[in-house]
Amino acid sequence: MKHGLSKIATGVVAGVLLAMGFLVAEPVAAQEGIAVRAPMVKGSLPADDPNAAVWASAIPATFPMSPQVHWPNRILEATVRDLSVRALHDGTNVAILLEYTDPSEDPDDAAAIEFMVGDKKAHFAHGQPMAQVEGGPVNIWYWKNKDAKGVDMNAKGFGTLSVQPHQDVKAKGAYANGTWKVVFTRPLTTGHPEEDTQITTGGFINIAFAVWDGKKDASGELKEKGSQKAVSSWWYFRAEAPPDYSGYYYAALAVGLALGFQFILIRKLKKGQSA
Amino acid sequence: MGGSLLKPVILIGIVYTILKFVVPNIPGSAPLPASLIFLYLMLTTSGIVIFATLSGESKDAFWGPIQRFLTGENIGSLQVLRYGVLLLFPLIVGWQTYNSTATSDAPPAENRTIHPAPPGEYTGLSNPVAKTPDTIQQGKGFYAAFCSPCHGGNFDGKGPAARGFNPPPANFSDPTTIAMLQESYLFWRIKKGGVGLPIEGMPWKSAMPRWEVELPDEWIWKIIMGEYDGAHQSPRTWE
């Protein structure tokens with residue numbers, strides 16, 4: 001019995017240490033921040049229909065909005081305080097649905113989505129220059145009610161907002177019961193990586209939002225226009241990759257190995273006992 | 001059975017409890033990382049094994065019960081526990097493997113430094129404005145006009161425009177903000193704003209305006225006095 005003991009002992013020690021490592025391992029990190037997640041759908045995207053039933057398959061993410069107080073001209077109170085965002089993709093195109101409360105439908109009601117372009121970080125306020133960090137440009141997708149279309153734009157600093165020569169973004173708004181629903185659509189990737197954000201499935205990219213209430217005050221002036229708008233900070237966006245089951249395969253393999261380890265260990269122990 | 005195994009198990013339990021719950025509560029200490037706790041537990045276990053296998057007698061006393069438990073020989077009611085262990089071990093291994101290989105569903109972790117080091121020219125500046133009830137009052141007036149929409153009329157970071165911004169505007173009444181900083185640091189932060197931060201401060205996310213393009217330096221120094229007075233805090237000094 002004593003003969004095989006040291007071999008067996010090594011095995012038991014290895015097993016105990018392994019199990020102990022698992023017990024003190026860090027729990028999976030809690031999710032930080034908020035992200036818009038676009039699940040992949042089969043069939044065509046509801047590019048022209050903000051009320052399509054398929055939108056229910058996307059979980060909405062809600063983002064708080066602030067009046068734009070970061071640079072002049074400022075606004076100290078904006079109409080829209082929260083923005084609900086859903087997104088879908090079909091492997092080729094992405095559709096993003098913005099939904100928010102606005103008491104009145106006005107021709108100048110407008111909304112925009114902002115992305116960083118390329119690998120460089122861009123300041124959320126129009127990609128304005130940063131003192132110690134070399135920033136990149138932002139790509140802005142803009143929609144205005146009276147124009148009834150999407151506009152694909154770029155900016156790198158205040159006063160540099162420009163409409164791209166190549167327009168890849170489509171947008172469609174629908175107003176009902178005090179709520180705007182605006183859908184933006186674009187191919188996930190374009191031929192212009194210097195100007196357009198490129199969306200690859202499975203990776204997180206930065207996203208920000210802006211909304212203008214196009215209502216006019218008593219003197220006929222627009223309450224919100226230009227830099228006077230509701231804005232959000234940078235959040236995250238991800239077009240979900242097709243489901244990946246490899247984690248389950250690896251887990252099954254590990255269970256098999258652990259069972260094998262136990263089986264061999266106990267067999268050896270029993271042999272040792274009978275010897 | 002198990003008498004000789006009880007002591008090692010209790011010892012490991014005590015070591016774990018001390019490392020996990022007692023050490024972090026010692027003044028000046030901090031919670032230990034899981035990897036370090038694991039290392040200490042491994043050392044403890046190795047020590048126990050070495051101690052238990054010093055003589056042939058103690059070796060048998062130590063391994064005998066483990067062996068009997070694993071083979072299930074004459075362990076009576078512990079048989080249920082044995083099956084539990086044999087079932088649980090592969091499941092834990094499988095679960096941990098899944099957790100470590102499955103693709104992460106969380107956005108990238110952000111380790112933003114809240115108070116990064118200021119550029120050299122902004123260290124050690126002293127407030128050139130005389131501190132009088134008048135200048136403090138002027139500072140509070142400027143604060144109300146320019147800063148309170150985000151940082152709040154109560155200096156608590158909860159102004160009406162704060163809600164959408166991430167990172168949130170600083171709460172000056174919190175003892176870990178301006179009370180930990182010198183006036184020269186605030187002067188830098190107000191003057192250069194969010195875009196003046198170094199990369200570890202993630203300047204692309206900050207909504208803090210670059211006030212140097214809108215306010216004269218003297219107003220900024222007065223705002224600093226108004227801020228400390230209003231938030232009932234004092235600047236940090238090196239004495």
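In this predicted model, strand S5 (residues 93-101) and strand S11 (residues 179-187) of chain A pair in the antiparallel sense, and nine bridges join them. One of the residues involved is A:Ile96, whose bridge partner in S11(A) is A:Phe184. Strands of a sheet pair through backbone hydrogen bonds, in either a parallel or an antiparallel manner.

The S5-S11 pair belongs to an open sheet of five strands in chain A, in the order S2-S4-S5-S11-S10, with antiparallel pairing. Strand S2 (61-64) and strand S10 (170-176) of chain A stand at the edges of this sheet. Each of these two has a single partner strand, so one side of each is left without a neighbour in the sheet. On average, and with direction ignored, neighbouring strands of the sheet are turned by 20° against each other.

The secondary structure of chain A consists of two helices and 14 strands. Among contacts in chain A with a separation of 6 or more, 64% are between residues 24 or more positions apart. Chain A has 275 residues, of which 50% count as buried. The chain exposes about 13,300 Å², and 57% of that area is supplied by carbon and sulfur atoms.

A contact between the two chains comes next. B:Gln67 lies in helix H3 of chain B, which covers residues 56-71. A polar atom of the B:Gln67 side chain lies 3.3 Å from the backbone oxygen of A:Leu269. That distance falls within the 3.5 Å cut-off for a polar contact. Is B:Gln67 buried or exposed? The relative accessible area of B:Gln67 is 2%, and B:Gln67 counts as buried because buried means under 20%.

The last topic is the cysteines. How many disulfides does the structure hold over all chains? The number is zero. B:Cys147, for instance, is in no disulfide, and the nearest cysteine sulfur to it is that of B:Cys150, 9.3 Å away. The reason lies in the cut-off, because a disulfide requires two cysteine sulfur atoms within 2.5 Å.

How values were computed. Residues are numbered from 1 along each chain as its sequence is written. Chains are lettered from A and ligands numbered from 1 in the order in which they are written. This is a predicted model: local features need pLDDT of at least 70, side-chain atom pairs count only at pLDDT 80 or more; totals for chains, interfaces and linings use all residues. Side-chain values use heavy atoms; hydrogens and water are left out. Helices (H or I, at least four residues) and strands (E, at least two) are DSSP runs, numbered from the N terminus. Buried means under 20% relative accessible area, exposed over 50%, partly exposed in between (1.4 Å probe, protein chains only). A polar contact is a pair of N or O atoms within 3.5 Å; within protein, one must be able to donate a hydrogen and the other to accept it, and residues adjacent in sequence count only if both atoms are side-chain atoms. Contact means heavy atoms within 4.5 Å. Accessible areas come from the Shrake-Rupley method with a 1.4 Å probe; for residues, only the protein chains shown count as cover. Two strands pair if DSSP finds at least two bridges between them. Axes are lines fitted to C-alpha atoms, for helices over the stretch in contact, and angles run from 0 to 180 degrees between N-to-C directions.
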